[in-house]
Amino acid sequence: NSVFELLNSKQILLETNKELQDQLSKLQTKEFLKRENIEQQTNVINFYQDLVKIFDNNHIQLFKIASIDLKNYLCCSSHRLFLKNPNHYVLEKNLPVFAGKSFIGQTEKSWMNFVEVILFSDTAHVLPIKSDVFYCDARGKGKPLQMSCLINFSQSKLNSQIGDPIFTSGLGGVFNSDIQVGTIENIKSISIDETEISIKLIADPLKENFYGIMGNKFNET
């Protein structure tokens with residue numbers, strides 16, 4: 001009887017210990033998620049304040065990423081990003097979209113609970129850019145973080161180097177001027193008086209969770 005009671009007591013202790021461990025694990029998980037949520041809220045607030053300061057514009061709305069067409073982004077010409085739009089904002093086409101401290105693309109359309117964004121690397125996208133030496137219209141190359149443009153300079157006369165910063169020119173009326181979007185990655189001679197400039201973008205859609213869209217107003221449906 002004594003042995004049986006001892007074993008029964010140990011079994012009860014083991015079960016109680018397991019229940020306590022489960023409860024502790026749930027509390028730790030809950031506390032972790034709470035800290036993560038607070039940290040995320042702080043990051044969002046800081047991100048918004050940075051955007052307002054950089055672009056000197058209060059008409060900015062933040063959106064969280066819903067998905068990216070990863071299959072096409074990694075292999076093909078169509079590079080699209082989808083943002084959550086729980087408030088059903090009706091957004092105009094071609095509003096500038098930025099992530100981190102740089103532009104990343106522009107709005108294509110809004111439908112249901114989403115905003116579709118065309119990225120700079122999409123082959124259908126053209127972005128007016130400039131450096132300290134030249135202006136050109138850069139087109140997406142259909143590869144992650146890649147754009148390129150042709151300029152009417154021979155490579156020998158082009159006073160540019162790999163690593164030089166590339167900025168928005170402000171031409172076209174969509175994007176603010178003088179915002180760095182990338183750097184020169186390669187310089188290639190195409191003909192006697194034509195050179196291809198390859199550009200690596202600095203805003204990576206695979207590393208961002210929140211995006212800003214700039215517009216004069218955001219109307220809810």
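1. Basis. The model is predicted, so local features need pLDDT of at least 70 and side-chain atom pairs count only at pLDDT 80 or more, while totals for chains, interfaces and linings use all residues. Residues are numbered from 1 along each chain as its sequence is written, and side-chain values use heavy atoms, with hydrogens and water left out.

2. Barrel. Six strands, in the order β1-β2-β6-β5-β4-β13, close into a barrel with antiparallel pairing. From one strand to the next, the twist averages 45°. (Axes are lines fitted to C-alpha atoms, for helices over the stretch in contact, and angles run from 0 to 180 degrees between N-to-C directions.) Strands here are DSSP runs of E with at least two residues, numbered from the N terminus; two strands pair if DSSP finds at least two bridges between them.

3. Strand β13 (residues 210-214) runs antiparallel to β1, and five bridges join the two. In general, strands of a sheet pair through backbone hydrogen bonds, either parallel or antiparallel.

4. Aromatic pairs. Rings of Phe, Tyr and Trp (its six-membered ring) pair if their centres lie within 6.5 Å; planes under 30 degrees apart count as stacked, over 60 as edge-to-face and the rest as tilted. The count by this rule is six aromatic pairs. Among them, Phe63 and Tyr89 are edge-to-face, at 6.1 Å centre to centre and with 80° between the planes. Phe63 belongs to strand β1 (residues 60-68) and Tyr89 to strand β3 (residues 89-90), so this pair ties together parts that are 26 residues apart in sequence. Both Phe63 and Tyr89 are buried, where buried means under 20% relative accessible area, exposed over 50%, and partly exposed in between (1.4 Å probe, protein chains only).

5. Trp111 and Phe114 form a tilted aromatic pair, 5.6 Å centre to centre with 50° between the planes. Trp111 is partly exposed at a relative accessible area of 33%, and Phe114 is partly exposed at 28%. One aromatic cluster is made up of Phe98, Phe103, Phe120 and Phe175.

6. Disulfides. The whole structure holds two disulfides, a disulfide being a pair of cysteine sulfur atoms within 2.5 Å. With bonded cysteines counted along the chain, the pattern is 1-2, 3-4. Cys75 is joined to Cys76, S to S 2.4 Å; the torsion about this S-S bond is about -65°, so the disulfide is left-handed. Cys76 is partly exposed, at 29% relative accessibility.

7. The link between β8 and β9. Cys136 is joined to Cys149, S to S 2.1 Å, and with -70° about the S-S bond this link is left-handed. Cys136 lies in strand β8 (residues 135-140) and Cys149 in strand β9 (residues 146-151), so the pair ties together parts that are 13 residues apart in sequence. Cys136 is buried at a relative accessible area of 9%, and Cys149 is buried at 3% relative accessibility.

8. Thr168. Thr168 sits in strand β10 (residues 165-168) and is buried, at 1% relative accessibility. Contact means heavy atoms within 4.5 Å. Leaving aside neighbours within four places in sequence, Thr168 is in contact with Phe103, Pro128, Lys130, Phe175, Asn176, Ser177, Asp178, Ile179 and Val181. Of these residues, Phe103 and Phe175 also belong to the aromatic cluster of point 5.

Conventions: Helix = DSSP H or I, 4+ residues; strand = E, 2+ residues; numbered from the N terminus.
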